[in-house]
Every structure is written in C-alpha cells, then in structure tokens.
Amino acid sequence: MTMIFGVPMAVFMGQLTLGLVNGAFYALLSLGLAVIFGLLKIVNFAHGAQYMLGAFAALLGFRYLGINYWLALVLVPLVIGGLGMLVERFLLRRIAHLDHLYGLLLTFGLALIFEGTLVNLFGVSGARYATPEILQGGLNLGFMFLPTYRAWVLVAALTMCLFTWFMIERTRLGAYLRAGTENSQLMQAFGVNVPLMITLTYGFGVGLAAFAGVLAAPLYPVSPTMGSSLLIVVFAVVVIGGMGSILGAILTGLGMGIIEGLTKVYYPEAANTVIFLVMILVLMLRPAGLFGKEA
Amino acid sequence: MTLIKKSLAAGIAVAAASSMAASTAHADISDNEVRIGYLADMSGTYRDLAGPGGLTALEMAIADFGGSVNGSPIVVFSADDRNSADVGANTVREWIDQRNVDMVAGLVASSVTIAVTKVLEENNSLGLVSGSAASSVTNEHCTPNHIHWVYDTYPLANGTAKAVVEQGGDSWFLLTADYAFGHALEADVTSVVEASGGEIVGGVRHPFPTSDFSSYILQAQGSGAKIVGLANAGADTVNAITTASQFGLTQSGQQLAGLLIFLNDVHALGLEATQNLLLTTGWYWDMDDQAREWSERYFEKVGRMPTMVQAGIYSSTMHYLKAVEAAGTDDPEIVRAQMAEEPINDFFARNGRIREDGRMVHDMYLAQVKTPEESTGEWDLYEILSTIPAEEAYRPLSESQCKLVQN
C-alpha cells in the first residue's frame, strides 16, 4: 500500500476529503462574517447563534409545519435573514456611530439571549433532523465511504460561496455596496439609499449563517449550543484570511478544514488548537491576514 | 378543685415536655434550619442529565419528607456551576461562610466535584455527589465529607466492557475524550477488556468537546476492530454515535459500545441510531413498579422522564433528611455516620450501603437500547438484561487508594 508520511494513502485521501467538507462550512460561515465586517464594520458575534437559529428553524419548521428540507433551504435563510434585518434596523443602527466595540457587545448579548431562550425551551441534548431521502446512503470513492449528504454539503456550500463572491465583486449591486463602505456620504449624494443597503447586507450575511445552519441540521444534533463552539474557530479563520476579504475567507476556510483534518490523523490531541496556532503565526508574520490589505 | 389542679398540672407537664422536645431538636440543628445547596450545571452540556430537573427531584424529596425536620424548616439554595471548578468551589465557600449551608447536593462534572469536596473538607461540611463519573472521587480524592451516590467509571467499564467481550467483541478501538474523566474510563476499560481476554487494537484521544467525529470514525473503521468503544460523555457521545451511523459503521460489521450513556442521550439520538447499544446504568425509570411510580410523579412536573442522576438526587436527599431526623442534628460528622449505618433500599437503590471511602455501592444494571419496533412509547428506551450485584459492581476496597481505608 502506498504510504504518505506513515499513513496509508487511502486514509490520507479520506481525511483530505473530510477536511474539505468541514472547510466548506468554515468558508460559508466566515464568508458571512467577512461580508458583514467588510461592509458594516460590525464584528457580528451573533453569527454562531444565527447559524444555530437556522438549524432550529429547519427542525421546528419540519416538526410543526411540515416544511421539507429543500423548502427549508430556501425559506429559512429568508426568515432568519429577515430577523437579522430587524436587528440591524432597530438595534445596530442606533449604535452605528459609536466605537466598533459596542456592536460587538450588542451582538454578543443577542447571541446569549437567543441561546439561553432556546436552552430553556428545548434543553441542551439536541434533536435529530432526518437526512432527506435522496441524499441518504453513501458513495464509494475507492479510498473511502463518503456519505452522500457530506458530498452534497461540499457542493452546496461552495456554490453559495462562489455566488456571493460573484455578487459582490462582479455585479453593479456589489459595486454599490463596496463603494458605500468606502464613502457612504458620497454614495448617498449620488442617490443611493445607503441605510437600506446596509440593512440588506446584514440580512444577507445572517441569511448565509442560517443557510449553513440548515445544511448542518442533518449532520449534527440540533442543539442551542451548536453555534457557540463553532464561532470561535470561524473567527480565527476570518483573522487568518484577513478581515473583510471575501475570497480570503473562502480559501482560508477550505485550507483550515484540510489542516484540521490532517491534524486529526497525525496528532488528534491538537485538532482543536491547530487553527489557533496558524492564527498566531499569521498574526506575527502578516498582521493583516493572508489576503487582507495592509491597514 | 382537684380536677382543676390535676388538669393544670397535666397541662404544664405537657407544655414543658413539648417545649423540651422542641428545644433538644432545635439545639442541634444549626440556625434552626436545615440548609441545602444544590450545585449543578444548569445551562451547559450536562444540563439535561442533572440541571433544573435535579432541582425538582430535590424539592420533591423535601416535600415528601414534609418540608421540615423535627420542626426545623428545610431551605434550598441553588446555583449554576457552569462546569467550572472555580465557580463551583467559590459558590460553595460562600454558601458555607455566609449562609451556613449544611449540605451540598447535585455535583455533576467530576472536575467541579473534586474542587468542591476539598472546600467541604476544609470547612467540615457535607456533600452528596450524584452526577459525577470519575471513580477517583472516592478513590484518591476521597474525603470524610462527601458521599458518591449514583455510579462511577469502575462499574461502567466493568459492566459494559465485560459483557461486550463475553459476547465475542474481543478487539477494541477506543475513542477517548482527552481529559481526566476520559483517561480514567480508558484505563478502566483497557484493564477489563484485557482481563476478559480481549485486546485494544487502537484508539484516538479527541479534544473535549468535539463536534465533528467523521475523521475519528474513519480511523476506527480502518482499524478493523470489532468494537468501537466510546470513552466520552454527553454531547461528544451523541455526536460520535450520529456520525458513526452516517458512515455506516454498524452496517460494515463493527459495533459501538457506549461506556457512559444517559437516558437523555438515547432520547435525543433516537432508537434508529442507538438500537442494540449495550450500556451500564445505575437505575432506569421503567425497571419496576416503585421506579415507575416515582418517575410518573416526576414526569408530571418536568415533562421528561428522569435520568439516573435525577433519581439519585431524590434518593440521596431523602436518606440525608432521614439521617438528620434520626440523629436529631445536622452536624455533618454525626449525620454522615448515621447515613452509613442505615442500608439503602428505596425506589432507586437496591442493596445499597455507604462504605468507609464514601462510595454508596448498590446494584447496577446492564441494559440494551430497544429497537424502534420493540419500543412502545417515547421514553420506552431500555431493556434491563441483568443485574450486577452491589458488591461486585464497584472497585473493591482492597484496591482502594483512599486515605480513609486501611489497606
């Protein structure tokens, strides 16, 4: 059997594939954070809670309204994104002129409220969300058995990432958004409704988190605490990629997924720490992040 | 005249007698109140196995006891330890210093328990540990000031691992939570598997907590072991079992052995993913009439069936209150001795007794998770396969490293 660094080729390839799947999640979540930070300069600490709300909305929608997975994939991001817009319009906007720290505190507080409320209602054990029938089973890749659903997650998350990148970097709407963050007064003078744009952008970032939540629902037990553990890693990914860099967030997310996956084979004890080690290295050598512009 | 005299005298005698009785009782119950502090994880990973439900069980015990001991009311304080040893130890220190708490109940995460029992020992107070798993709580960390009630890692390994090897599962791959509890369980399981004629062919120590187990499950599949043992707990176990079912681990001929599984874990995972899993438990709500009767009362208040930890909180509190009543005092040393004197046989514990190391030994049970077809209701989850007698289930005193045991 071919060996790579003392590990059979098949195992190595398997871990690489799983790393990519996890990386796609990191990419999707850090993308939402990057969009929000890049355009609104808000460090959105509620991102993990919004991801969790996405998963819960899918679960409850199925349980009480009979909404199936595919419909949830479309509806839930709209509903949770809409909730995000209300948060932006009635809370975040009031503190937009203050230091960024206030936004961080406010979103952190909101995250605690969302989590605490759901813990009180549903406990912490979590619930199962059934994998849609068409995505059950697995693919034999030769070197591993890959559950079909994970393959789907990879495809769906990457498609969404590319779509977002395209929207922001290659369309007129995206150009407005980017210009609005550079100089919002000038944009307003040109007749662009900047406050509305900001609300929509925040809603879109939140919607991305909710989309990731729906994707995650069949993979992990749906529990109120599922977002908070992920959030810290995702922040590290954003810091490594460079705050506010769209493409950076996507590539770093995938890369970190792979690095973490390989650590799980070679030195599993460090699997939760390796991303932070990379973060420290990056901060020492390139403080603005791998893809960030020097401030 | 004589009649009046007589009845007057009788009245005085009765009054004197009753006031004396009252004063003897009150004299030895500090502050004329029995004060109980309930410390547990109320909001994190272990909330559902102890948490607010455990507090309800404690309050049920007090209500069933009558709300007072020899005329002194029973008062309850509660706090969330947030699974932090610091928070737990500081809370208990404050309870003892400022509120004169007589007994601390609950106590879930082993790390919190070990820190709290040190505070209890320094202040000569009393703790009844119901939630913790580590057998070290009454081994190297034993104190004369606490009792460990429901279960520990020794019978978990002894019950499940032995039964699995006897059924032919003789090669094991262990997924271990990388902290004190996981290491203790891993060591106990390894020695039981090897003593029963099996072997450990590999293992991974994963960080605590871990949400994505896919990589570890892949490694377990590659190991060729017949049994994949889960030396972890709570959300980690739930995640590992979910991922194993997604990767078709059991379909490819391997079997899972959960070493610490609570009722709420199985309920959350569902029978489809957990069917036929073997586990060791200290108690099960549906194991007999007595257990069912109590559990149904609990269910009416909480809306969920109780875990063994929640039932154990009721059982230990009730035993404590009876001991306070019998001893006529809440002095921890006297109550602890009184508790050890009485055997424990209630809806929770069978053949229970408290050993000098503070371990409450009682019958344990080997159970198997039902298949969806066998189950008749939302909470009809286990079938009890066999009883592990109290004296065999726990670490024998001859192997104890506890300072209270003469070896």
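**Exercise 1.** How many residues of chain A are in contact with how many residues of chain B?

*Solution.* Start with the setting: this is a predicted model, in which local features need pLDDT of at least 70, side-chain atom pairs count only at pLDDT 80 or more, and totals for chains, interfaces and linings use all residues. Residues are numbered from 1 along each chain as its sequence is written, and chains are lettered from A and ligands numbered from 1 in the order in which they are written.

Next, the count: 27 residues of chain A touch 31 residues of chain B (contact: C-beta atoms, placed from the backbone, within 7 Å).

Now look at the elements. On the side of chain A that touches chain B, α1 (9-40), β4 (145-147), α9 (226-241) and α10 (246-266) of chain A each supply at least two residues (DSSP runs numbered from the N terminus: helices are H or I, at least four residues, and strands E, at least two). The largest share, five residues, comes from α1(A).

**Exercise 2.** Find the strand order of the open six-stranded sheet in chain B, then its edges.

*Solution.* First, read the order: β2-β3-β1-β4-β5-β6 (chain B), with mixed pairing (strands pair if DSSP finds at least two bridges between them).

Third, zoom in: β4 (residues 103-106) and β5 (residues 126-129) of chain B run parallel, joined by two bridges. Met103(B) has Leu126(B) as its bridge partner in β5(B).

**Exercise 3.** Which domains does the assignment give for chain B?

*Solution.* They are domain 1 (33-151 + 288-358) and domain 2 (154-281 + 365-391), with bounds from an automatic or database domain assignment. Their centres, taken over C-alpha atoms, are 28 Å apart.

Key
Contact = placed C-beta atoms within 7 Å.
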